[in-house]
Amino acid sequence: MNVVLFIIAALILVGALATVCVRNLVYCALSLAATFAALGMLYLALGAEFIGWVQILVYVGAVAVLIVFVILLTAPDRMRSVGPLFSRSRILGVGVSLGVFGTIAYAVHKSGSLKGSLSMPAETDMQSIGEELLSSYLVPLEATGVLLTVALIGAVLFAREEPVEGSEESQESKD
Amino acid sequence: MTSTEEVESISEKSERLLNISMGPQHPSTHGVFRMKAVLDGETVVKLTPVFGYLHRNHEKLAERTSYLGNMPYTDRLDYFCSLTNNWAYALSVERLAGIEVPERAEYLRVITAELTRLQNHLAFLGFLLNDMGVWATVLIYGFREREKILDLFESLTGARMMCNYMRFGGCRCDVPDGWVEEAKRITDELPGVLDELEQLLTDNEIVVARTQGVGTVPGRKAINAGLTGPVLRASGVNYDVRKVDSYGVYDRFDFSVPLGSVGDCYDRFMLRLLEMRQSLNILKAALNELPSGPIINPKAKNRNLRPPAGEAYGRIESPKGELGFYLVSDKSGTPYRYRVRPPSLVNLTLLEDMCVGQKVADVVVILGSIDIILGEVDR
Amino acid sequence: MWLVIIQLKIGIILTFFSLLFAVASLAERKILARIQNRRGPNRVGPCGLFQPIADGIKMLIKEDVVPRKADRALHFLAPIVMVAPMVLLFGILPYGGGLTLVDLEVGLLFFFAVSSVSELAVFMAGWSSANKYSVFGAMRAIAQMVSYEVPLVLVAITPVMVAGSLSLVHMVEDQAGYAIGVIPNWFVLTPWGIVGFLLLFVTSLAEANRTPFDLPEGESELVAGHLTEYSGFKYALFFMGEYFGIFAGSGLAVALFLGGGGAPLPLLQWIPPYLWFFVKLVVLVGIVIWVRASLPRMRIDQLMDLCWKGLVPLAFVNLIAAAIWHYSGGGWQGWILAGGLLVGAYLMLNRVVLRSRCSWERKYYLAKS
Amino acid sequence: MTEDKQLQDELALYGVHLTLLEQVYNWGRSNSLWPLQFGLACCAIEMIASVTARYDLGRFGSEIFRPSPRQADLMIVSGTVTKKMAPQVVRLYNQMAEPKYVLAMGACAISGGPFKGGYNVVKGIDRYIPVDIFVPGCPPRPEALLNGIIHLQETIRRQKLSGPGKARHADRDQPSEYAIPEEGGRDLVPQYNAETWRPSWQGGGK
């Protein structure tokens, strides 16, 4: 089991590094998709079937595809190369990443999951996930839904072009 | 929008625009037509037609070929409708040389011309639907019926497509035995086929959605651009050379000219269906009333024809519109000037106006609804 | 022993679908030909049966052209990414009768998760070809697949709701048995099931880029869309991926709505369920081919309109109808309530979406002079 | 090859049927000729007619007209090639994947046909690309096209993949792409591709 986990971890690392380091937008996006897929595999290897497939469905099937779509729509010329690998403010970058790493490391250390051996949780089947979501976590779930809806509407509002006089908008109303 | 404004607005948004070239080898350009399109997403911003990929120097060749020698070349103008091309050319030469045509020949001309119209429109429906993405089904139905008509042509003239049938002052040969009966049988059969096609297509939701409101041309604009034929009549303009000029013996037949109201692709498509029904009426009457007599004016000279100096313009209603031949003679054996007025080319003039603002997929349908033949466009 | 059986099953399933691919590619040409009053391939082998073999040989040995400006790696990977997930999908279809390979608890989720990867393949194909038509086709394909995934998932949720499980096997079991002794308990024979089945069929046509939704490779507009620059075996792989997509989509429809391997009559239950499953699947594939021969293609805006203004709302209403049906016990009240809701919604959507763009009635004048 | 053939025949007498890989290869290629969807002029209509119900090219497995040259095996040059179009025709040929064949359909594609005297017509497409089958006629009837394709199939079945006289696509010395002519004032430049055609005064001719 451990070997599998290590392979997956290596895949995730390579994918994530490629996402950041490769100088080709499309390759970045595809490596990101590969990273997501590897993450999904990690969940699956840990026995969390539901979350694993959801990870693949949502992140590979939807998020990565949308990223790719956006790249296609917005930057057809700049797809093949984006700026230099390292930004100018290296010290700031190192600082930020160290900070993030420290926070996560502290949280993991504090949570105590590193101490004992990793105990597999009892069967987390669909049924229990659904029941938990709709009973204990109903309010967060609904709140997330509302938040997403608001985000969606906001995105539509932002994306919509200002109607220029005599443009498609007015033409459509004529039809 | 004037052209400079247009260019400016295009360059403003140029980052988002995509230039694509459709043709000369493209599944839906009906030959070697080419369109340079500028797209904003799926919408056409600008469209430039590029002609000349099939420029076969028809007119230049004609000016050094004898009058009769040009007849086979006219077959290859609009290669779907060789017989109407023949007729238009014969008509102009007859006007130039002052040749009378016997009655039987006139009837034969009407019959062959209407048969040509039928097979052209049948093929048109198929090509239009092909452009809409039906995998050749309607095309093959159309061609199935067309083959029957081509059989008639073959037994009459010896060739399926390049008939070379008309002569100055009449027709080349008389109908073989049983031809008229066979033609009658096919004319009786065709209404059923048309019903079938109509059932298949006119109420098809996707066909309606793809054609209605697409490529609309108002009547006034169509007149100004010089459109003719079904494309013009779809915009509601009552103009049919068969009625206006009543060349040949068209004044003896009872037929009407179908007119559309909106002028979009759907109207153009429907007009063809309706026109076929009218053609069938003419055909039926002509086949029944076919008089006996000579098929060619015995006094007419075909070989070494040297018409008196002058000029003449003969025009007919070809299936695609007004087909005219303008001839200038200097008493020699070859035309001094020979000019074709091809309906396809003139009908194409509004292509960009029809297409701008529509989707790419519509461009293909609009082009299909105009019904062009490159042999005639590029000559 | 266990491993041997699994391998045997995998072998049977893969053989069946590969054979079905060969037969379907021939059948498509034959059926199209018959619809068009033609004969279709009949020179190679008896009745043209070896035509797929000839095509396969030719595809294999055809030169593999990679355009100079193309991205070689992605151009090579795209067909693989296209076919591989489609093959995985066959693993979870509930053939029944012991042939079912895996009974995943989250089967449906697996289906959508894996099939969504093919969108990336289309993008990779289109982008890597460095051809404007390819990029155009890829953009259309992605827009179309992302949009149609929404109604597809919404429709697939209804049987989940009723059966109370994401497992396809469980869903088939839920449809076992017969009402009044003759009518099978398939979901398609409920008001929400009919609507759901039709929606699923339409959306999976769109997901597989088939007529009338074959815009990404619409010949008359985009030459061959994202496949324009593919030749030889890579093209064949895409072709195969498309067909496998159709098979998997049809298989899903059979499992969700047509009772999986259930026999249509109690009398016919002696026929093994996997045979029924395959019969139903083949019939659906036949309908897909029939549709191809007879419908024109839609336009991109109409496609999106149909999805977002027609199918998505209808799928939502269908979800509610299924809930009503479920809680009303499924008797005649269920028929009236759920059926009425669906018919009402359909009529309303029909008025709003489909008819608004075009006026059907046209007047034509017949001028006498 | 002849010895092989003898051996094969002898073995066949004893009920042992040998099939050479080459035969399978040629059989597959010859029965799956997908033409390029590409019409030039009048002949294109007869080409379309040959796919339709009465003639049905599909019987020979060739009804799949691929619009993209990458997936096509056979280029039917159906009609007059003008000087404006010739570069595109050659380019399309270059874009096709090997093994590829060219069928010159009709008088114009073979020699310029009735328009040979014109200033804008290429006098035969074989000046620029190697033509495998000529189908004469103006335009050839669909039956003639079918005949041409059947002949082409037979030619393909006879092709050898190695040894002297091997097929064009198997021969590394034979080019797979040809120079694309360009507009050059009076005529196209080059006037012909020397690899495929030579004027008669240079020992050309069929």
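1. Domain 1 of chain C and domain 2 of chain C together bury about 2,100 Å², with 84% of that on carbon and sulfur atoms. Buried area here is the accessible area (1.4 Å probe) that two parts lose on being put together, summed over both. On the domain 1 side, C:Phe17, C:Phe21 and C:Met59 lose the most area to domain 2 of chain C, together 31% of what that side buries.

2. A note on conventions. This is a predicted model, in which local features need pLDDT of at least 70 and side-chain atom pairs count only at pLDDT 80 or more, while totals for chains, interfaces and linings use all residues. Residues are numbered from 1 along each chain as its sequence is written, chains are lettered from A in the order in which they are written, and side-chain values use heavy atoms, with hydrogens and water left out.

3. The division of chain C puts 1-61 in domain 1 and 67-300 in domain 2; such bounds come from an automatic or database domain assignment. The C-alpha centres of domain 1 of chain C and domain 2 of chain C are 18 Å apart. Their contact draws on 19 residues of domain 1 of chain C and 25 residues of domain 2 of chain C. Contact means heavy atoms within 4.5 Å.

4. C:Arg210 and C:Glu28 meet in a salt bridge through their side chains, at 3.0 Å, N to O. Four residue pairs are in polar contact between domain 1 of chain C and domain 2 of chain C, both residues at pLDDT 80 or more. A polar contact is a pair of N or O atoms within 3.5 Å; within protein, one must be able to donate a hydrogen and the other to accept it, and residues adjacent in sequence count only if both atoms are side-chain atoms.

5. Which elements give two or more residues to the side of domain 1 of chain C that touches domain 2 of chain C? They are α1 (2-35) and α2 (51-61) of chain C. Helices (H or I, at least four residues) are DSSP runs, as are strands (E, at least two), numbered from the N terminus. α1(C) gives the most to this side, with 17 residues. By class, the side has 16 nonpolar, one polar and two charged residues.

6. Now the chains. Five pairs of chains are in contact, and chains B and C share the most contacts. Chain A and chain D have no contact; their closest C-alpha atoms lie 23 Å apart.

7. Chain C meets chain D through 32 residues of chain C and 32 residues of chain D. The area buried between chain C and chain D is about 2,600 Å², and carbon and sulfur atoms give 56% of it. In chain C, C:Arg38, C:Lys58 and C:Lys62 lose the most area to chain D, together 22% of what that side buries.

8. Five salt bridges cross the interface of chain C and chain D. One pairs D:Arg70 with C:Glu229, the closest N and O atoms being 2.5 Å apart. The interface of chain C and chain D also has 21 residue pairs in polar contact, both at pLDDT 80 or more. α2(C) supplies the largest share of the side of chain C that touches chain D, eight residues.

Conventions
A salt bridge is a side-chain nitrogen of Lys or Arg within 4 Å of a carboxyl oxygen of Asp or Glu. Ala, Val, Leu, Ile, Met, Phe, Trp, Tyr, Cys and Pro count as nonpolar, Asp, Glu, Lys and Arg as charged, and the others, Gly among them, as polar.
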